[in-house]
Amino acid sequence: MDESYEYLKEAIKSYQCPSCGQRGRWTNTCELAVDGTGIYAECTGRINGQECYYILTASSLEDLMQTDANFRAFTNNLNQQKAPWEASYYNHPCPYCGQYKVRDAKWGDKAISTAFWGFLSHKLHSRYKCDACGNMWD
Ligand SMILES: [Zn+2]
Ligand SMILES: [Zn+2]
């Protein structure tokens with residue numbers, strides 16, 4: 001699983017703040033380490049009428065999964081939805097990366113997109129998906 005900063009940044013949107021218990025209240029999100037790994041974020045949730053200000057730091061997705069059982073279940077569920085890689089590929093290359101790894105976007109792909117990238121994602125309407133770079137398009 002890709003644990004790059006961009007991936008973590010999307011993943012923490014469903015991570016529950018250990019202090020105030022709210023989800024998706026993360027702000028000032030940035031990279032934790034200079035090499036672009038890990039994540040830093042501050043919680044803007046409210047606890048007893050005060051700002052929570054919990055500071056989240058995690059070096060990997062596993063770190064987050066260890067501290068939030070619901071998030072772990074959510075992430076494992078996403079993993080299980082991934083299609084088996086027996087897909088047959090089209091014989092035209094991906095317009096993004098140029099590799100011949102283009103296949104039909106499956107329902108599971110779209111479900112992951114919805115969960116991670118928001119309800120209004122154009123990816124909901126995407127027809128093709130590239131297994132090499134992960135882009136989806138019509
Ligand atoms: Zn909080
Ligand atoms: Zn591609």
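Modeller: This is a predicted model. Strand β6 and strand β7 (residues 128-130) run antiparallel and are joined by 3 bridges.

Biologist: What makes β6 and β7 a pair?

Modeller: Two strands pair if at least two bridges are found between them. There are 3 bridges between β6 and β7, so the two strands meet that requirement. Within this pairing, R103 stands opposite K129 in β7.

Biologist: Which sheet has the order β6-β7-β8?

Modeller: That order belongs to an open sheet of 3 strands with antiparallel pairing.

Biologist: Why are β6 and β8 called edge strands?

Modeller: Strands β6 (102-104) and β8 (136-137) each pair on one side only.

Biologist: How do you know that β2 and β5 pair?

Modeller: Strand β2 (residues 39-43) and β5 share 4 bridges in the antiparallel sense. At least two are required, so they count as a pair.

Biologist: Which residues form the covered face of β5, and which the uncovered one?

Modeller: In β5 (residues 55-58), L56 and A58 form the covered face, while I55 and T57 form the uncovered one. In a regular strand, side chains alternate between the two faces of the sheet.

Biologist: Why is Y15 called buried?

Modeller: The cut-off for a buried residue is 20 or more other C-beta atoms within 10 Å. Y15 has 26 such neighbours, and therefore counts as buried. Y15 lies in the loop between α1 (5-11) and β1 (26-31). Beyond its neighbours within four places in sequence, Y15 is in contact with R23, L64, D68 and F71.

Note on methods: Residues numbered from 1 in each chain as written. Chains lettered and ligands numbered in written order. Predicted model: local features only at pLDDT ≥ 70, side-chain atom pairs only at ≥ 80, totals over all residues. Buried ≥ 20, exposed ≤ 12 C-beta atoms within 10 Å, placed from the backbone. Contact = placed C-beta atoms within 7 Å.
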